[in-house]
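Thank you all for making time this morning. I would like to walk you through a few local features of one structure, so please have a look at it before I go on.

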Amino acid sequence: MIDLLERADPARDANPDFIRLRAKVDERIHRPTAKPGIRRPWLNAAIAFGAVSAIVALVAILRLQQPSIYAPRLDGLGEVPGIEDVVKLASGGVQTAAVDGDTIWVVTALANLLQRISAVSGDLEMTYAIDSHVEGVVVGGGYVWLLGYDNGGEVLRFDSSLGNVDLRLPLGGAPAHGAVWFADNLWVSNDQGQLQRISANGEILETSVGELKGAGLGYLWVNDPSTGLISSVATDGTRGEIVIPTFEGLDTMSGNGVRSVIEAGGRLWLLDGDFPWGTNLSVFDPATGELESFGGTTFGLLAIVEFEGSLWVTSHTDHLLIRVDPETGEVTRFSVPGKAGGVFVADSSLWVSLYHPGSLVRVDPAALLEAGDIVVDDWDRFPHRLLCTGDPAGPRVILEPNSWIDYGSWSVIQAQLSAQGFLVCANGFVDGDATPAERAAALDEGLTEAGISGPYVLVAAVDGVHSARLFAEGRSDIAGVVLVDPIPIGFGDFYDELLPDLDGHPPWADLEETVAGDLGDTPLLVIGHDPTAVFLSRKFIEGAGAEAATTLNRYWREGLEFYSGLSTNSRPLEAEKTGLDYVLWDRPDLVVEAVIEVSTNP
Amino acid sequence: MSKSNVVELGAEFDSLFQLHHDAVYRYCLRRLGTLDAEDAAAEVFTVAWRRLKEARADNNRAWLFAIAYRVIGNHYRSRRRRRGLVARLAGVAYEPLAEPPLEFEILHRALAELRPTDRELLQLSSWDGLTRIEIAHVLGIKENAVDQRLHRARSRLKARIDSLNTGSPETKEAPA
C-alpha cells in the first residue's frame, strides 16, 4: 500500500522552472507598489488621524451578494447585549467613517451617499448624494475629504456648510490607497504608491513615492519603496528618522502586509493582514527600536482604535469585536450583531460600523457578550464557537447559520428568544469550506461539551439547512424545526446553467445537497422570503437581466416545497418584505414567532 | 533595521529558496495542479521572506511546508469562493499526470474521497517525504498523534480502494 502510494505520486518527476519561479518571487517581494490596472483587494483609505482606521473595500471581501432591497428592521439590534444606540443607515452599510468632534461622517458602501450623524444624539442628520463612486472619507481643515474611484482616482473636497463638492483633484492616475489629515495637510497615497500632500485650499504641495499606513507618535508612517520598510515622515516632510524593522509593508496588493498603524500607550501598533497566516498585531517601541509580535489573533482583522486604555479591533469574518490589553497582551473576543467594519471613538463612546445590516452602533464594552468557547479548531479551519445565552433551564433552541455567516447573524433573534426564557445556542462556523457533515459534527460536539442536551428546536438558515438536517438525522430529541429560506436543491447548478456568462453562482450556493432523511412528524415551519422580491439586487439585475432574476426567484420558491414535504407536520410561511437570504435581518420577529410556535406544537 | 541587515536576510533567503524551491513547488503541484502551482509556490516564498525571522533553523523544510499548507488552504478557499465545487478541487490535484496506470487511477480516486486531513497526512508522508516530526509541525498536531492518524488514514484508504475495486455503493459517497 505504502509503496503503491509512493509510486503514484503525480509530481514525482516534476521540476519547477527555477528562473521563472524566482522571478515571480522577486517581483512580489521587491515591488512595493501596485501593478497598474489591478483592482486592489484592500484599500486602506480614510485613516483619519487619531480617530478612525478603516478598510473600505468591504464590498469585495465580504460577500458577493448585495444587501437586501428592503430596509432591515434594525430595532431589534438595540436588544442585543452591549448595543446602546443604533443608527440606521442606507442599505449597503458603512464603507468608512470619520469623526469630527461630535459629528460622524459616513460613506455608504453601495449608494455613494455621504451621511452626517450626531454622535451625541445618534440621529442621522443629513444625507448627501455624491456624484461619484466614493470609497473613503477624512476630515480636516474645515472640510470633508472624499476619496473617489472615478476618473482614475480623485480627491473630492466637500464643503459641509454648502452641502456640496466644491473641488476635485486628480490622484495621479490611480485610486486612493490611504489618506490621513496630518500637520494641517491632507496626505493621500494612491494604488501606484504615489504620495501627495494637499493643502486645505486644494493645492498639491508635494508629490513623492510612498504608501501611507497611518499616523502616530507625531509622525506619518509610510512604506518606503527603497527598502520595503515602514518609516517615519515628520511634519516638515523629513523622512526616515525612524524605521520600523519589518518587511510587512511590502505587498499590500495581495492583501498582505501592514494595513494600518495607530499610536497607543506611547507605542505604535501595526495591524497586519496576512491572509495565509491569519492576521497579526505587532507593537513597535520607538524607545528601543524593537518590534514585538502580538501573535495572530483571528482572521479578517479590519480596523483598530484605542479606547479607555485598551485596543479594540474589528473582525468582520466572524462577527467579533476584539479587545487587546496593551500591557498584558490579554485578548478578549466579543460578539457583535453583524459584519463589523470600522471601529472608532466619538462622544467618548466606542462605535462600530456594521456593513450588514447597514448601521452604526454605540457599544457598551462592559455589557457585550463574550464570544463562545472554541469547541472545534481542526484542519486549520477558523475556530468554531458555540455561543449560548438565556435561561439554562429553558427549552433549548439551536441556531445554525448559513455558510460564510457567523452566529452574529442571529444576534437579534437570539436576544429576543433568550429574553423569553429559552436557552439559545448559536453555532458559529464561519469557514465556508466546512462540509455539512463537519458542521453537524461540530455542533454535536459543542453541545455535548457544553452539557446541553435535548430536546432541541432546530433553526437553520439558507444552506445551514444541510448541516441541520444531518444533525437531526436519527435523533429522537428534535422537538421542532424552523428552516429560514432554505436554499433549493441544485440551485448552484441551475444558476450556472441559466447564466453561463456570469462568474459562477454565489459562494453560499456552493454546498451540495447532503443526503439526509425526512423529519417524520416533527413540527416544521419553512419560512420563505417575500414571493414578490427579486433575486439579489438591482445591480444583479442590471448584469443578468430581470428575466433571469425572476427565473431564479421562481426556482428558489419552488424549492421551498421540497422542504415543507420533509415532515407530515409542516407549514410554509411567507416573510413579507424580506429579501432572498435576508429573512434574518429583515424579519427577525417572524423567526422568533416560528420558534415559539414549533416549540409549543405538540 | 539597517541595510546591512537587509542584505544578510537576503542571503539567508536565497539559500532557503535554493534548497527548497523544488520541494515546495512539488507540494503545490500535487495539491493544485499545474495551473496554480507556480503562483502558489511563489506565494509561499513571499510569505517566507516576510517571516524570515521566524524561520526554524533546525528545520526550515518543515517551516516552509507549514507555510505552504496555509497558502494552499487559502487557494482552496479562493477557488471555492469563485466556483465552489468540492469534487472539482479534489480531482484537480492530479491534473499534471499523463495517462496514469489503472491502479494509480483507483488510488487517486480513493484519495480524493478521503477526508482532507487523512489525504494530507498520507501525501505529506508518502509524496512529500516528511518525517513524523515535520508532519506534526506542518499540521500543528502532536507528534504522537501522527502515527495514529497515519495508521487510520492508511486503513481508510485501503478500504476505499477495496470498495472501488468491488464497485461497492460506498464509493458514491461525496468526498469530504
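Predicted model: local features only at pLDDT ≥ 70, side-chain atom pairs only at ≥ 80, totals over all residues.

One of the residues involved is Val258(A), whose bridge partner in E20(A) is Asp272(A). The two strands form a hairpin with two residues between them, and in that turn Gly265(A) has a positive phi of about 60 degrees.

Staying with E20(A), which covers residues 267–272, six of its six residues are buried. In a regular strand, side chains alternate between the two faces of the sheet. Here Arg267(A), Trp269(A) and Leu271(A) point one way, while Leu268(A), Leu270(A) and Asp272(A) point the other way, and all are buried.

Now to the helices, where H7(A), residues 491–498, packs with H9(A), residues 546–564, at an angle of about 160 degrees, the axes being 11 Å apart. Because angles over 145 degrees count as roughly antiparallel, H7(A) is roughly antiparallel to H9(A). The contact involves Phe491(A), Phe494(A), Tyr495(A) and Leu498(A) of H7(A), together with Ala548(A), Thr551(A), Leu552(A), Tyr555(A) and Trp556(A) of H9(A). Of these residues, eight are nonpolar, one is polar and none is charged.

Finally, helix H4(A), residues 411–419, is mostly covered, with eight of its nine residues buried, and it is followed by Gly421(A), whose phi is positive, near 95 degrees.

How values were computed: Residues numbered from 1 in each chain as written. Chains lettered and ligands numbered in written order. Heavy atoms only, no water. Buried < 20%, exposed > 50% of the residue type's maximum accessible area, 1.4 Å probe, protein only. Helix = DSSP H or I, 4+ residues; strand = E, 2+ residues; numbered from the N terminus. Pairing = 2+ DSSP bridges. Axes fitted to C-alpha atoms, helices over the stretch in contact; angles between N-to-C directions. Parallel < 35°, antiparallel > 145°, perpendicular 65-115°, else oblique. Contact = heavy atoms within 4.5 Å. Nonpolar A, V, L, I, M, F, W, Y, C, P; charged D, E, K, R; others polar.
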